[in-house]
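Visitor: I am new to this structure. Please take one part and look at it closely with me, above all at what its charged side chains do.

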Amino acid sequence: AQTVTQSQPEMSVQEAETVTLSCTYDTSESDYYLFWYKQPPSRQMILVIRQEAYKQQNATENRFSVNFQKAAKSFSLKISDSQLGDAAMYFCAYGGGSEKLVFGKGTKLTVNP
Amino acid sequence: GAVVSQHPSWVICKSGTSVKIECRSLDFQATTMFWYRQFPKQSLMLMATSNEGSKATYEQGVEKDKFLINHASLTLSTLTVTSAHPEDSSFYICSAPRQANTEAFFGQGTRLTVV
C-alpha cells in the first residue's frame, strides 16, 4: 500500500521569507500523481499544486513550487515570499490509478508578521 | 471551475439517530466520489469509494452497515451515519475527480456532533 510521510508537524516562517515543507512517499507504481493541498481554518481543502510523476520538470504555481525527486520518492513544497494568508495546514497527497488520495499527516504552517 | 457542494456544513444529532450528508458535483458528472473522515488535528482518512450505480467500496475497518453510501446519480452521493454515537463525531469530507487522475475537488465538509 502507498504511504505518505510528512516529517514536520509544524513549521514557521517570517512574512516575505521562503519555507520548504517536506514530503516523502512510498509506492511501487510508476505512473501516479502527487498533490499539495492547503487546509485553512475553514477546513476547505484547496489544491496548491499538482505533479505528474512522468514529468521531470518541477511544477510551479506562482509563489509555490515543488522539488520532485522521483528516485528518492521525495516531493517537497517551497513557498516563496510567504504571506499571512499562507498560514494553514498543508497536506501532501498521493494519487494512484484508482484516483483515491492517500494523505500525509500534515504540516501546520505559521506565518509570522 | 468545477465545484463540489456538501450539505449540511454542520449538524448536531442525538445518539441513536441517523444523519444524511449529501455531496453534489455541480458542473460535472462524477462516476466516482470519495468520502473521508478527519479527526481534530489529524489527516484525512479514506472511508469509502462511492461508485455511481453500484455498491460502494469500503476501506478496511469501516463499518458498511453504519456508514451507508448511495450514489444514485452522476452528480450526487450520500453518506448516512446510522445509529450515530458520540464516537462518530468527526469532520466528514467528500471529493470527486472530474477526470481520471486529475484534481480532486473537495466539498466544504460536514462537522458532525453526536450528543
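Guide: Chain A has 0 helices and 12 strands. Along the sequence the pattern is β-β-β-β-β-β-β-β-β-β-β-β. Its radius of gyration is 13 Å, close to the 13 Å that the globule rule gives for 113 residues, so chain A is as compact as a globular protein of that length. Keep in mind that this is a predicted model.

The C-alpha trace of chain A spans about 40 × 25 × 20 Å along its principal axes. Of its 113 residues, 46% are buried. Take the contacts in chain A between residues at least 6 apart in sequence: 53% of them join residues at least 24 apart. The accessible surface of chain A is about 5600 Å², and carbon and sulfur atoms account for 45% of that.

Now to the charges. Over all chains, the whole structure holds 7 salt bridges. One of them pairs the side chains of A:Lys55 and A:Glu52, at 3.9 Å from N to O. How exposed are these two partners? A:Lys55 is partly exposed, with a relative accessible area of 38%. A:Glu52 has 11% relative accessibility; buried means under 20%, so A:Glu52 counts as buried. The pair also belongs to a network of salt bridges, which links A:Arg50, A:Glu52 and A:Lys55.

Another salt bridge reaches over to chain B. The side chains of A:Lys100 and B:Glu59 meet at 3.4 Å, N to O. A:Lys100 lies in the loop between strand 10 (88-95) and strand 11 (101-103) of chain A, and B:Glu59 in the loop between strand 6 (57-58) and strand 7 of chain B, so this pair joins two chains. A:Lys100 is partly exposed, at 29% relative accessible area. B:Glu59 is partly exposed too, at 24%.

Follow that link into chain B. An open sheet there has 4 strands in the order 1-3-8-7, with antiparallel pairing. Strand 1 (4-7) and strand 7 (67-73) stand at the edges with a single partner strand each, so one side of each has no neighbour in the sheet. On average, neighbouring strands of this sheet are turned by 15° against each other, direction ignored.

Strand 1 and strand 3 (residues 19-25) of chain B are joined by 4 bridges and run antiparallel. B:Val4 has B:Ser25 as its bridge partner in strand 3. A further salt bridge in chain B connects the side chains of B:Glu22 and B:Arg24, at 3.5 Å from N to O. B:Glu22 is partly exposed at 25% relative accessibility. B:Arg24 is partly exposed at 36%.

Notes: Residues numbered from 1 in each chain as written. Chains lettered and ligands numbered in written order. Predicted model: local features only at pLDDT ≥ 70, side-chain atom pairs only at ≥ 80, totals over all residues. Heavy atoms only, no water. Pairing = 2+ DSSP bridges. Axes fitted to C-alpha atoms, helices over the stretch in contact; angles between N-to-C directions. Rg over C-alpha atoms; globule rule 2.2 N^0.38 Å. Buried < 20%, exposed > 50% of the residue type's maximum accessible area, 1.4 Å probe, protein only. Contact = heavy atoms within 4.5 Å. Areas by Shrake-Rupley, 256 points an atom, 1.4 Å probe, with all protein chains shown as cover. Salt bridge = Lys/Arg side-chain N within 4 Å of Asp/Glu carboxyl O.
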